[in-house]
Every structure is written in structure tokens, then in C-alpha cells.
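Please find below a briefing on the model shown here. It is arranged by topic for reading beside the structure.

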Amino acid sequence: MSKTTCSSHDTRAPLSATDLSLVIHHGELHAHWVEAARSKGFTLIARVQDRFRVALRCQTCGGLHVARYFVVMTAQPLCPHCIESRWRATALGAGLTWLGRDPDHRHYGRYLPPCGHEIRRQFTFVERVASGAVAPRCETCLVHREEEEALRFGWTRLGRDLQGSANYRLYRHSCGHTQRIAVANMKWGQCDCAGCGQSWTAKPSFIYLLEIRHSGTQRHYLKLGYSSHPVKRHKHQLGLPKDTEVEVLRVVAMPTGHDACAREKAAHARLKRAHPEALVPHPEYADLMNVVSEIYRPASLSILHDTLDRIEAEVTNAARTQFPVAISAPSRTTADGNPESANNIPEAHTPAASVPWVPAPFYPHRTPRPIAAARDRHPILRRHWGLTG
């Protein structure tokens, strides 16, 4: 074997074995190899490296590359120089500058968009950009834009969503509270801090379980939802007929409306995946109430209670982690129970007897609510008409 020092990548002149910067393997160039290479657009130059490989010169671009001889005999060899030229031209058509292949993945290349930040994209994606189907996006510019949008409304972008959602980011409010918020909501400022805000997202709320019976049609359903006023929710917002009997089976106190909304939506998603048979199709109750989801079969009562047990445990553990002082468990009431006290501070009770009242955790930068004396278990029954018999 021998090795030369010359390269012939950019010349179209006929080459000999001594013109290659490769280790030459002095073996016979079989005529059927030469003919197969010629019929597939290549000129066979020499056997190189070992007895299995040959050097091919592309008849289109004149570039040299090494391939195994059985690829020449059984398949169509591909010229890497022609392929890279096409990638370069595609990048130019997409408004990008070709920087080279990604060393970590063979389907990706490195490009330079007009903003000057290097990006990594699939070759097929760049083809779609060149065809006008999609637009390229620089991650660095995207982060800068999201940071500017957050600063406009008093937030600081911390990073990607810890739960892995592509539509959410993690932000910190000027008060110090950390919260995950949808990018679309932050863009328009449609968000409120669950730590210091004054809207429903920052106020205490409840996840409730209702039993709905309509005597006229003998229909019987269960509804899982959240509201700061569960009784008001079914009295004034569900659009139920006046002859409908509604019983509050259970409520779970939540520290904020933001937490109630997030946990309730996650619960519905889990129930839909694990127990699709428990959901009632919308056409079945469309004439009875003005909601389109969150309605379940009566047979799923135990499943819903298990879901609320899980939420109750998660809320309690989260509160104990954040506030390691003694914290009572979130309230769990039945039909004759009360989801909130007169000043909207949830109370905790056991089925047998009332336990001493413990104030709700203090949230920084939120105006403290007045601490009232322990009340009886059911003041909400006196404040909202129609719940008792």
C-alpha cells in the first residue's frame, strides 16, 4: 500500500491512483465494478483503504468519495458533495447561511439566520422553510422576546415549564412569587399573580363535587369543578331548571384560584384518559345545563372521591413543605358541610368532631385577612339560600 498527498476534489481532469490523498490498496479493478460505477454516474478511480472500498469520482460535480464496492454493485451510491451543495442551496432559498452538518446527528445541519445566532435544524425542516410552508425561528431571539414581554407586566422569565408543556413558561413576579403561565397569556398581559394579585387567581377557592338530580327526566349526574363560591356556582351559573335537586357532596379547599384551576384541569385530564366510560357525552345533558364537560356518571362516585383524596393530600403536603409549622388538612365536607367560613378562610374538620381552627398559611405580599374566632361548621348554609331542606 502507498499514500499520496494530493487531493482532486475540485478538478474534473482524469485521475490516477497516485492523485488521491488516500491509502491505496493495490488490488485489481474488476471490469464489472468499473462498468457498474459508470452506469450509476461515477468513475471508479482506485481501491482504497482495504479490499472492500473503492474511490469514486462523481461525473456531475467531480468530487471524490469512498464507498464499499458492494454498494456500487447493489445500490445507487450518493455523492456527499452533491448532497451538501443541495443543502447549501436550500439554506440560501430559506434565507439562511449554511454552516455545516451537525456532528451529533446526521439529519441535522447548522445554519446562521439573519439575526446572527447559530441554529440547529433538520434538513427536511429547512426544505419546508424554503418552500414557504413554515418560518424559521431562532431560540435565542425567542427567549429575548419572551423576556421583554414578561418585563412589560412586572414578571421575569425564569425558563421552560418544569412540567414539560411547550405552551407554558416559568415566571417570577415582582413580589417574588413564582408561577407557570401560558406564553399566549403573558404576551397580552392576561395573567394575575397568585401571590399578591386581587383577582380570583389569588383568592382562596374550592374544588367541589356536586350531585345533580332532575326529577322531571329522572336524570342523575355528578359534576367536578372549581369555584370560590360552589353554591353560587350551581345556583346562578349552571342554568339548571328550578326543579333540579343539587347536593354538594364534597369540597376541597385550595389556597388560590390558580391552584384550583390547575389541579382541576389535571384531574379531568387523568379521568378522561383512565376512565373514559365515566364521562357523560355532552348531547345527553345539553338541554339540562349550560356546560360542555366535567359531567360524570353516578357510578363513578368512588373514582371522583379518590381523585379528590389525591388532590387533598397533594395540597396538604405542598403546604407542609412550604410552611413547616403545624397545618391542618384541607376541609372535606358533605351535603350539610361548609366549603368556606365567613371570611373565606378554609377550615379543617374530621367526620367525628371539629378540630381546633388553624389559620391559613401566610402568603408574602398579600394583605393578611383578619383572624376570626372559630365558627360553627356550616355558616355557608345560612349565607346561601336553598341549600338546606
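Does histidine 65 count as buried or exposed? Histidine 65 counts as buried, because its relative accessibility is 12%; buried means under 20% relative accessible area, exposed over 50% and partly exposed in between, with a 1.4 Å probe and protein chains only. The model is predicted: local features need pLDDT of at least 70 and side-chain atom pairs count only at pLDDT 80 or more, whereas totals for chains, interfaces and linings use all residues. Residues are numbered from 1 along each chain as its sequence is written, and side-chain values use heavy atoms, with hydrogens and water left out.

**Surroundings of histidine 65**

- Histidine 65 belongs to strand S5 (residues 64-68); helices (H or I, at least four residues) and strands (E, at least two) are DSSP runs numbered from the N terminus.
- Neighbours within four places in sequence aside, the contacts of histidine 65 include Phe42, Val54, Leu56, Cys79 and His81, where contact means heavy atoms within 4.5 Å.

**Helix H3**

- Helix H3 (residues 80-93) has 14 residues and spans 20 Å from its first C-alpha to its last, close to the 20 Å expected at 1.5 Å a residue; the expected span is 1.5 Å times one less than the number of residues.
- Cys82, Ile83, Trp87 and Ala91 of H3 are buried, and the cover over the buried residues of H3 includes strand S4 (53-58), strand S6 (97-101), strand S7 (108-112) and helix H4 (123-131).
- Glycine 95, which follows H3, has a positive phi near 80 degrees.

**Hairpin of S7 and S8**

- S7 and S8 run antiparallel and are joined by 4 bridges; two strands pair if DSSP finds at least two bridges between them.
- The hairpin has 6 residues between the strands, and glycine 116 in this hairpin takes a positive phi near 95 degrees.

**Aromatic pairs**

- The structure holds 7 aromatic pairs; rings of Phe, Tyr and Trp (its six-membered ring) pair if their centres lie within 6.5 Å, and planes under 30 degrees apart count as stacked, over 60 as edge-to-face and the rest as tilted.
- Tryptophan 33 and tyrosine 69 form a stacked pair, 4.6 Å centre to centre with 20 degrees between the planes.
- This pair links helix H1 (residues 31-39), which holds tryptophan 33, with helix H2 (residues 69-74), which holds tyrosine 69, 36 residues apart.
- Tryptophan 33 counts as buried at 6% relative accessibility, whereas tyrosine 69 is partly exposed at 26%.
- Tryptophan 98 and phenylalanine 123 form a tilted pair, because their ring centres are 6.1 Å apart and their planes lie at 35 degrees.
- Trp87, Trp98, Tyr111 and Phe123 form one aromatic cluster.

**Nonpolar cores**

- The largest nonpolar core has 17 residues, and those with the most contacts inside it include Leu210, Tyr221 and Met289; such a core is a set of buried Ala, Val, Leu, Ile, Met, Phe, Trp, Tyr and Cys residues joined through side-chain atoms within 4.5 Å.
- Strand S12 (205-214) and strand S14 (244-254) are the elements that give two or more residues to this core.
- Apart from this core lies another, of 16 residues, including Leu209 and Leu308.
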